[in-house]
Structures are given as structure tokens and as C-alpha cells.
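Please look over the sequence and the structure before reading on, and keep both at hand. The paragraphs that follow go from one place to the next.

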Amino acid sequence: MNGLRPQHKLRIETVEITPDAVVLIDQLALPHDERYVTCTTWREVAGCIRDMTVRGAPAIGVAAAGALALAARAAAFSGADDRAAFNAALDEAALGLAQTRPTAVNLTWAIGEMRTLWQRCDAAPQECWLTLLAGAREIHDDDIRRCHAIGAFGAPLFKAGDAILTHCNAGALATAGYGTALGIIRACHERYDGAISVFVDETRPWLQGARLTAWELGVEGIEYSVIGDSMAGHFISRGEVDGIVVGADRIAANGDTANKIGTYTLSVLAKEHGVPFYVAAPLSTVDRSVASGADIPIEERDPGEVTSFRGVQVAPVGAHARHPAFDITPQASISAIVTEVGVLRPPFDKALRRACLEGTCG
Ligand code: MRU
């Protein structure tokens, strides 16, 4: 199922949904190998979400939508022309996909959008499959449109010459394309004729910053410096950072935001030093069913990912470790939330309620 794409494409194709496959850029192999994984079953896609071949909140939602189209195809061509069996197969796939990663709400949002399609489909399974395939592709294309809008709304928050700090990877690789936080950085690069630079937090332990964000910025020709996560305070305290922009995995009704572990620390630094702290996310990341960050489930990953580094043990053998993959930034530390319907300012509970009337929230 692994292979190299025949010709190099400058546009980053994170998730491609074809009638018989979901093709994913292999984010475990980047930045040194640009290779693609072709999944032909929903279970293969679920495995790729679980092992982080594909990661980033919007991207895993899009991949799950593609996986459900694959499940629909398999069920529709299984020989049984039975709608009850078709729906049961999709329910099983939806459950399996939803269990892969708990924090990013975009995953359950995309599954919910697809569920509405199969529950409303009033035709034979083979026709419903085509509806689901079109639906998954629309979720993909819609995500790119949302990212471009986020970029357009976010760029005016910065000015020519600014140095922007970002954490993890909230770029084309974390979405269907263009990115959220990196979408803003891309839009700044265009708007200010390249006169911006980026501090890229390396983002231990998975190194999404050093491996993925640095790679994307390099592809786009945007000036950047990779820094260790522990170096951010040094640069912020010396006035070298003009603003911070990060993505989000889930935004609660009050604006509290779950994002990659280490984001909260940055928000405290930003507050201490009066640096603006922006969250960039499509409304599919907003979960108004959770009142505050305290109700957002935080994924705890294998502690071995902390005690070792790319397969090499660094802590003493048997060392105890903890590995929360996300943390919560309180709404009071966020200057603005940039969405596809505009820049939301505090009080976020009211702003999010209004925004969710304008767009589709998760
Ligand atoms: O564990 P990951 O790599 O899936 O975590 C990703 C992040 O935390 C991103 O910042 C977030 O999903 C926003 S992506 C546009």
C-alpha cells in the first residue's frame, strides 16, 4: 500500500479521495521522504489516523469522510442489495473511525455529516455510495475554502516585517490544504511580499513543527527558524516575537481551546509579555456541546514516545513518563479566534454563538 507519487507536485495533497481509495501523504516519512499511502478499506484509513500517518484535526476529519465512502462502496458491492445491511456496515465503520483519536472534534463532525447523508439517502446502496463519495469530496473541498477564508481574515492581524511564532503543524498537512495557522502565515507572505518570518516550535515529542511545518514553509519559500519548545520564552521575552498563531483541535462554547501540548505554555508567555495570541480554526472545530475546556477529552498517548526519540531510548530503561497529546488554553488568554466567517473577539461565548449561526459548527 506504500508508493512514491510519480511526479513531484508543489501543491501539497494531504488527502485525496478517489472512488476506490483514500490516498494520504505519509506524514511519518516526511520531511525526508515524500511518499503516499493508498488505503482501500475504512480500516486501513482508521489505522493511518491512529498511527499518525495522517494527523491534524481537519485532515483526520476529511480522511474519515473518505473512509466512510470506502465503507459504503464495499457494502454496496457486497452482493446484498439490502439497505439495513448497508446502514449497519456504515454504522460499524463510523464507530471504528470515531474511536481512533478522541480530542479533535472535526473527526466526529465529519462522521456526523456523512451519517446524515446515508440516513437520508432514499435509494439503492450503489446510488447511496455515489452520494457519500460526493459528500466526502465536498467535505475535502469545503475545508480548503474555509482555510483560504481564515488566511484572508487573519493576515491583516499582522504587518510587514513581523516575526510570527507557531506551534505544531496547522498547515496544509493538517487540513485538506492551505492550513489554518499556516494559512494565515501563507496569506501574510503574499500580502507583505515575503516580508515576514516564522519561529517554528519543534513540538516534542512528535516534532510536527521541526518535521512538517518547517518542510511546508520551505516548500512555500517562507523564511523560518526552528526552535526547541523551551526556547520560545527566550525569544518572546526579548521582543523578537510579534504574534503567536496556533491551530485548534476543539474549541469549547466559552472559547477554551484544546491544541497540541505546549500551546497553553505559549499562551501564558504571550500574556506575560503582551504578545497577541491567536487561534485559527474552521467552525468545524467548535464544539458548543462542551461548556468549557474542562469537558474536552485529552488524548493520552504511549509514554514510550516521550522516553524515546525516533525509536532510540533516551530516558533510562523503565523510566516512568506521561504523555498528554493536547492541553487547554483558557479563553481569557486568547486575543482572537480566526474563523472562515471572520475574526472573533472576546467575549467568545457570544461571538461563537453568532458565528455558529452563520456557518457549520462541529
Ligand atoms: O497530534 P496532532 O499532530 O494531530 O495534533 C495536531 C494539532 O494539535 C494541530 O495544531 C491542530 O490539529 C490544528 S490543525 C489545523
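This is a predicted model: local features need pLDDT of at least 70, side-chain atom pairs count only at pLDDT 80 or more; totals for chains, interfaces and linings use all residues.

**A walk through the model**

Arg35 is partly exposed, with a relative accessible area of 26%, where partly exposed covers the range between buried (under 20% relative accessible area) and exposed (over 50%), computed with a 1.4 Å probe and with protein chains only. Arg35 sits in the loop that runs between strand S3 (21–25) and strand S4 (36–39); strands here are DSSP runs of E with at least two residues, helices are DSSP runs of H or I with at least four, and both are numbered from the N terminus. Although Arg35 and Ile25 are 10 residues apart along the chain, their C-alpha atoms are separated by 6.0 Å.

Residues are numbered from 1 along each chain as its sequence is written, and side-chain values use heavy atoms, with hydrogens and water left out.

The charged pairs come next. Side chains of opposite charge can pair when their charged atoms come close. How many salt bridges does a search of the whole structure find? The search finds 14, a salt bridge being a side-chain nitrogen of Lys or Arg within 4 Å of a carboxyl oxygen of Asp or Glu. One of them joins Arg146 to Glu340, with the closest N and O atoms 2.8 Å apart. This pair links distant parts of the chain, since Arg146 belongs to helix H5 (residues 125–154) and Glu340 to the loop between strand S16 (336–339) and strand S17 (342–344), 194 residues apart. Both Arg146 and Glu340 are buried, and the two residues also take part in a network of salt bridges that links them with Glu138, Asp142 and Arg145.

A salt bridge also forms between Arg186 and Glu216, whose closest N and O atoms are 3.0 Å apart. Here too the pair links distant parts of the chain, with Arg186 in helix H6 (residues 181–191) and Glu216 in helix H7 (residues 208–220), 30 residues apart. Arg186 and Glu216 are both buried. In the salt bridge between Glu240 and Arg238, the closest N and O atoms are 3.5 Å apart; Glu240 is partly exposed at a relative accessible area of 33%, whereas Arg238 is exposed at 56%.

Most residues other than glycine have a negative phi, and most peptide bonds are trans. Cys168, although not a glycine, has a positive phi of about 60°; this residue lies in the loop between strand S5 (163–166) and H6 and is buried, with a relative accessible area of 6%. Asp193 likewise has a positive phi, near 50°, and is placed in the loop between H6 and strand S6, but Asp193 is exposed, with a relative accessible area of 74%. A cis peptide bond, with omega about 0°, joins Arg204 and Pro205, and Pro205 is in the loop between strand S6 (197–201) and H7. Pro346 and Pro347 are also joined by a cis peptide bond with omega about 0°, and Pro347 lies in the loop between S17 and H11.

Which residues of H11 are buried? They are Phe348, Ala351, Leu352, Ala355 and Cys356. Because these residues cover an arc of only 130° around the axis, they lie on the same side of H11, the arc being that of the directions from the helix axis to the C-beta atoms. On the other side of H11, Arg354 and Leu357 are exposed, and Arg354 counts as exposed because its relative accessibility is 53%.

Arg354 also belongs to a positive surface patch, together with Arg288, Lys350 and Arg353. Patches are made of residues with over 30% relative accessible area and no salt bridge, like charges being joined within 9 Å and nonpolar side chains (Val, Leu, Ile, Met, Phe, Trp, Tyr) within 5 Å. Lys and Arg count as positive and Asp and Glu as negative, while His and the chain ends are not counted; the place of a charge is taken as NZ of Lys, CZ of Arg, CG of Asp or CD of Glu. A nonpolar patch on the surface is formed by Phe309, Val312 and Val314, with about 270 Å² of accessible area together, as given by the Shrake-Rupley method with a 1.4 Å probe, where for residues only the protein chains shown count as cover.
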